[in-house]
Amino acid sequence: MSNLWSPRVHELKPYVPGEQPKMARLVKLNTNEHPMPPSPKVVAAITQAATDSLQLYPDPESTELRQTLADYYQLSIDEVFVGNGSDEVLAHAFQAFFQQDKPLLFPDISYSFYPVYCGLYQVTPKQVPLDENLAIRLQDYEQANGGIIFPNPNAPTGQLLPLEAIEELLQKNTQSVVLVDEAYIDFGGESAANLVPKYPNLLVVQTLSKSRSLAGLRVGFALGQQHLIDALVRVKDSFNSYPLDRLAQAGAKAAFEDEAYFQVGRTAIIKERERLTQALIGLGFNVLPSAANFVFASHKGQAAAALALGLREQGIIVRHFKQPEKIANYLRITVGTSEQTDALLAGLQSLL
Ligand SMILES: *Cc1c(COP(=O)(O)O)cnc(C)c1O
């Protein structure tokens, strides 16, 4: 009965998330979750919020959480926006800033949700090719545009841009919003959050899904000057005034208050990433330098698709993108626990 659909729904090309298999005891290295549970203080805060007041609507402005984030990044509360996962924050940003006459620029190999939002919000995309080392070259973005968006580090390549390069772009590109999607910044990069007071067109978006072990809670946020945040709030309040429930607000706040736990978790991933990288190189892989909680690797002798399939048969799941061609021979492997790394390496060894 798809004749009942709004005509434009036929045209949508929805995002396909990495598989969330229902089987137990898989070595799940396909969607960049943190292998460790969230801080016990997060769980305590969520439990408390659940006991106290779940019959009441949450604070529509997430005031306490936004103040905590503002303090953490040394910004004012009016420079912080929160949403139901950074995907929602990104969606609102597409609507708030990128519906322009000129195209939105983003890397040809990048987060595959960007073209999906272009389709949903009728934003014209213009994909800018990565260089021959699969790196973003920001000079290529110095052209007419109605906005620029890229992840830093980029996904799925894991490669990091230095802050100086981003600042140089901001100095040249002053007439449209530059959105830096920092989903993985805590695993080895320097956040552009510090540049917010200096650049009126910079929007930094982050998530608690990766480095804060809270993919299940669905919290993301944006940092930018107040005139940008105001636009996001207008879109949000025209869509859903209560995007963050009481549990999410309480848990996210507690996560940012437990700095020690955060540092332990992120340091463990960085250390494990280096071990995984060296071991993969030892097995004959070419591994791109990663500043994220995943590595992007291609084998000199074996096709990526066959390796992904062979791992799967052993209960080990990694991400393989058939498209585009340029990356079809790469595997994106999430950095997990040492035990998961050992299982992955053993699995690969049996296939090579
Ligand atoms: C994971 C990811 C997101 C989305 O994170 P959520 O907060 O879980 O919605 C956004 N951008 C990039 C590049 C990501 O990898």
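The chain splits into two parts: domain 1 (2-37 + 260-351) and domain 2 (40-258). Keep in mind that this is a predicted model. Taken over C-alpha atoms, the centres of domain 1 and domain 2 sit 23 Å apart. Where the two meet, domain 1 puts 32 residues into the contact and domain 2 puts in 33 residues.

**The core**

The largest nonpolar core has 51 residues, and the members that touch the most others are Phe 150, Leu 202 and Leu 223. Helix α7 (residues 246-257) supplies the largest share of this core, with 5 residues. Domain 1 (2-37 + 260-351) and domain 2 (40-258) both contribute residues to this core, so it lies between them.

**Around the ligand**

Asp 181 turns up again at the ligand. The residues surrounding the ligand are Gly 85, Ser 86, Asp 87, Leu 90, Tyr 111, Asp 181, Ala 183, Tyr 184, Thr 207, Ser 209, Lys 210 and Arg 218.

| Side chain | Ligand atom | Distance |
|---|---|---|
| Asp 181 | nitrogen | 2.8 Å |
| Thr 207 | oxygen | 2.5 Å |
| Ser 209 | oxygen | 2.6 Å |

Leu 90, another residue that surrounds the ligand, lies in helix α3 (residues 86-97). Its relative accessible area is 0%, so Leu 90 counts as buried. What does Leu 90 touch, not counting residues up to four places away in sequence? The answer is Tyr 111, Tyr 114, Tyr 117, Ile 149, Leu 179, Asp 181 and Val 205. Take Ile 149 from that list: Leu 90 and Ile 149 are 59 residues apart along the chain, and their C-alpha atoms are separated by 9.7 Å.

**Two covered strands**

Next come the strands, starting with β8. Strand β8 (residues 220-224) is mostly covered, with 5 of its 5 residues buried. Both faces are covered: Gly 220, Ala 222 and Gly 224 are buried on one side, and Phe 221 and Leu 223 are buried on the other. Leu 223 is also one of the core residues that touch the most other members.

Strand β2 (residues 80-83) pairs with β8 in the antiparallel sense over 4 bridges, and Gly 83 has Gly 220 as its bridge partner in β8. Strand β7 (residues 202-207) also pairs with β8 in the antiparallel sense, over 5 bridges. Here Leu 203 stands opposite Gly 224 in β8. Thr 207, which has a polar side-chain atom 2.5 Å from a ligand oxygen, falls in the residue range of β7.

Now for strand β11 (residues 316-320). Of its 5 residues, 4 are buried, so β11 is largely enclosed by the rest of the structure. Strand β1 (residues 27-29) runs parallel to β11, and 3 bridges join the two. Val 27 stands opposite Ile 316 in that pairing. Strand β12 (residues 331-334) runs antiparallel to β11, with 2 bridges joining them. The bridge partner of His 320 in β12 is Leu 331.

Is Ser 39 buried or exposed? With 4% relative accessibility, Ser 39 counts as buried. Ser 39 is found in the loop between β1 and α1 (40-53). Not counting residues up to four places away in sequence, Ser 39 touches Asp 258 and Tyr 261. The side chains of Ser 39 and Asp 258 are joined by a polar contact of 2.7 Å.

Glu 313 is an exposed residue, with a relative accessible area of 70%. Glu 313 is found in helix α9 (residues 304-313). The C-alpha atoms of Glu 313 and Tyr 141 are separated by 42 Å, and the two residues are 172 residues apart along the chain.

Conventions: Residues numbered from 1 in each chain as written. Predicted model: local features only at pLDDT ≥ 70, side-chain atom pairs only at ≥ 80, totals over all residues. Heavy atoms only, no water. Core = buried A, V, L, I, M, F, W, Y, C linked by side-chain atoms within 4.5 Å. Buried < 20%, exposed > 50% of the residue type's maximum accessible area, 1.4 Å probe, protein only. Domains from an automatic or database assignment. Pairing = 2+ DSSP bridges. Near = heavy atom within 4 Å. Polar contact = N/O pair within 3.5 Å; in protein donor to acceptor, adjacent residues only side chain to side chain. Contact = heavy atoms within 4.5 Å.
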